[in-house]
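Please keep both in view while reading.

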Amino acid sequence: MCTIAVIGTLDTKGAEYLYIKNEIERMGCKALIIDAGVFEPVFEPDISNAEVAEAGGSDIKILQENKDRGTAVNIMSRGTAEILKKLYNEGKIKGVISTGGSGGTTIATTAMRTLPAGVPKVMVSTVASGDTRPYVGTSDITMMYSIVDIAGINVLSSKILSNAVFAVCGMVQNEAIPIDNEKPLVAATMFGVTTPCVTKAREYLEQNGYEVIVFHATGVGGQSMEGLIESGFFKGVLDITTTEWCDELVGGVLAAGPNRLEAAGKSGIPQVVSVGALDMVNFGPMDSVPEKFRARNLYRHNATITLMRTTAEENKKLGEIISDKLNMTNSPTALFLPLKGVSMIDAENMDFYGPEEDKELFDAIRSNLDKSKVELIEMDNNINDDDFALAMAKKLIELMNK
C-alpha cells in the first residue's frame, strides 16, 4: 500500500484534512498526517506539532505562548521539511499533499521542495492563481487553485480536494515507463528568439550520441539548470541563451539570480556559452512596463510578454558580467560571439537590430575576458545561422572529449 504524507495545520483546518485523509484511504492508499499547526489539533495526527516544532529548533509551548505567526511559520516550515525529507529517505512515503492559504502553502511547499524531482507533490492553495514562483521554486510541485478559501467542506471545496487526492493517488500508484538511456546528457538554454540556433545544435549533438535537455531561459529555467549541473547530471553545457542576466541587471521579470552562469565552471563541466537574447529585458503585458521605461524601444512579443531593447550602456555592463562569471571557471570553456546579432529580432530590418548596442557588448567581453581560461570565438553570423549553431555544438563535443 502506498503511503502519502499529508501536511496540515490541524488546529485551523482539521475538518479539511480529515476529509483528505478519508479520501486517500478510499482510494486504497494510506495517509500519514503531519501536524504543522501550533495549537490543539482537531484530530490526532501521526506526527505531532510538538515533534515538528522540535525538528524546527523550538518548543511548541513557546510558540503557543508567543503567538508570533511569522516566527511560527518559519519554525514549522523548517521542522516539516526535516521530517518530510527523513520520511522519504527512509522509504516511508511515496508522495505528499497539502492545502492552505499563504501560511499553510509556505509551510508545505518549503517541505515539498526538499524532495527529489519526480516525487509526487500536490498543493491545493488559495494563492495558486498568482505568482507561484516563491512556493514552487525549481521543484515539480503541482499547484492547484482552490477557487474558494480553505474554510470547511462544501459542495465546491469537496470536489476540489477530491480531485487533488485523485491526482496524488494516481501519481503514487502508477510508475512511469523507464527510458533506457545511457547517452551522456547535455544541458542547453533556449528562448523563442534563439530557437533555430538551439534546435540545430541539439539535432547535431543528438546525431552524435548525446541527449540534450533544453531549459527555457525564464529565470526559474536557468535556476533549475544550474541546480542540476551542480548535482552532476550533465557531461556538458551549451549555454546559448544567457538573457536572464538582462532581467537581473535591469529589473525584468525573468531574472535567475546573481549566481547564474557559475555552476558549470565551479563543477568542472565543459561549457560553450553565447550571448543569446542579451538584446532584451522581459516584462508582462504592455501596461505592466514601469513608467520609467515607457519611452524605450518596446516590442509586444505576445499578449502577456513585452520585450524592451537593452541600451548600449546596459550591454557594456552585461559584457563585463558575462566575462566576470566565465573568468571564474575551472572547466574547459568557450564563449561564442555572433557579430551579426544576438537574437531573431536583433537582425537587419528587425525591431531590435542594434549594431551599436551589440558592439558595446562585444567590446566589453573582448576587454574583460580572461583568454587564458576562456577561448573566445567570434563569427560573422547571426546567432540563429546554421553555421554558428553547428560550430558551438562541435566545440562542445571537442571540449567533452578532452
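What follows describes the overall chain, then its salt bridges, its aromatic contacts and its surface patches.

## Overall chain

The model is predicted, and every value below should be read with that in mind. The protein chain contains 14 helices and 14 strands, and its C-alpha trace spans about 70 × 50 × 40 Å along the principal axes. Of the 402 residues in the protein chain, 52% are buried.

## Salt bridges

The count of salt bridges comes to 24.

| Salt bridge | Closest N and O atoms |
|---|---|
| Lys121 and Asp140 | 2.5 Å |
| Arg309 and Asp358 | 3.3 Å |
| Lys359 and Asp363 | 2.6 Å |

The salt bridge of Lys121 with Asp140, with its closest N and O atoms 2.5 Å apart, links distant parts of the chain, since Lys121 belongs to strand 4 (residues 121–125) while Asp140 sits in the loop between helix 6 (133–136) and strand 5 (142–145), 19 residues apart. The two partners can also be described by their accessibility: Lys121 has a relative accessibility of 1% and so counts as buried, because the limit for that class is under 20%, whereas Asp140, with a relative accessible area of 33%, is partly exposed.

Where in the chain do the partners Arg309 and Asp358 lie? Their salt bridge, in which the closest N and O atoms are 3.3 Å apart, again links distant parts of the chain, with Arg309 in strand 12 (residues 306–309) and Asp358 in helix 13 (residues 355–368), 49 residues apart. Both Arg309 and Asp358 are buried.

Helix 13 also holds both Lys359 and Asp363, which are four residues apart, or about one turn of the helix, and these two residues form a salt bridge with a closest N to O distance of 2.6 Å. Lys359 is exposed at a relative accessible area of 51%, and Asp363 is partly exposed at 26% relative accessibility.

Elsewhere, salt bridges join Glu226, Asp239, Glu244 and Arg260 into a network.

## Aromatic contacts

How many aromatic pairs does a search of the whole structure find? The search finds five. One of them is formed by Phe215 and Phe234, whose rings are edge-to-face, at 6.1 Å centre to centre and with 80° between the planes. Phe215 lies in strand 7 (residues 211–216) and Phe234 in the loop between helix 9 (220–230) and strand 8 (236–239), so this pair ties together parts of the chain that are 19 residues apart in sequence. Both Phe215 and Phe234 are buried.

Phe234 also forms a pair with Phe233; this one is tilted, with 6.5 Å centre to centre and 45° between the planes. These two residues fall into separate accessibility classes: Phe233, at 46% relative accessibility, counts as partly exposed, while Phe234, with a relative accessible area of 7%, is buried. Taken together, the ring pairs link Phe215, Phe233 and Phe234 into a cluster.

## Surface patches

Which residues gather in a patch of negative charge on the surface? The patch is made of Glu51, Glu54, Asp59 and Glu65. Of these residues, Glu51 is placed in helix 2 (residues 49–55), and with a relative accessibility of 41% Glu51 counts as partly exposed.

A nonpolar patch is found on the surface as well, formed by Tyr145, Ile147, Val155 and Leu156, which together have about 390 Å² of accessible area. Leu156 lies in the loop between strand 5 and helix 7 and is partly exposed, with a relative accessible area of 35%.

Helix 7 (residues 157–173) contains Lys159, a residue that is partly exposed, with a relative accessible area of 49%. Between Lys159 and Ser146 there is a separation of 13 residues in sequence and a C-alpha to C-alpha distance of 9.8 Å in space.

Notes:
Residues are numbered from 1 along each chain as its sequence is written. This is a predicted model: local features need pLDDT of at least 70, side-chain atom pairs count only at pLDDT 80 or more; totals for chains, interfaces and linings use all residues. Side-chain values use heavy atoms; hydrogens and water are left out. Rings of Phe, Tyr and Trp (its six-membered ring) pair if their centres lie within 6.5 Å; planes under 30 degrees apart count as stacked, over 60 as edge-to-face and the rest as tilted. Helices (H or I, at least four residues) and strands (E, at least two) are DSSP runs, numbered from the N terminus. Buried means under 20% relative accessible area, exposed over 50%, partly exposed in between (1.4 Å probe, protein chains only). Patches are made of residues with over 30% relative accessible area and no salt bridge: like charges are joined within 9 Å, nonpolar side chains (Val, Leu, Ile, Met, Phe, Trp, Tyr) within 5 Å. Accessible areas come from the Shrake-Rupley method with a 1.4 Å probe; for residues, only the protein chains shown count as cover. A salt bridge is a side-chain nitrogen of Lys or Arg within 4 Å of a carboxyl oxygen of Asp or Glu. Lys and Arg count as positive and Asp and Glu as negative; His and the chain ends are not counted. The place of a charge is taken as NZ of Lys, CZ of Arg, CG of Asp or CD of Glu.
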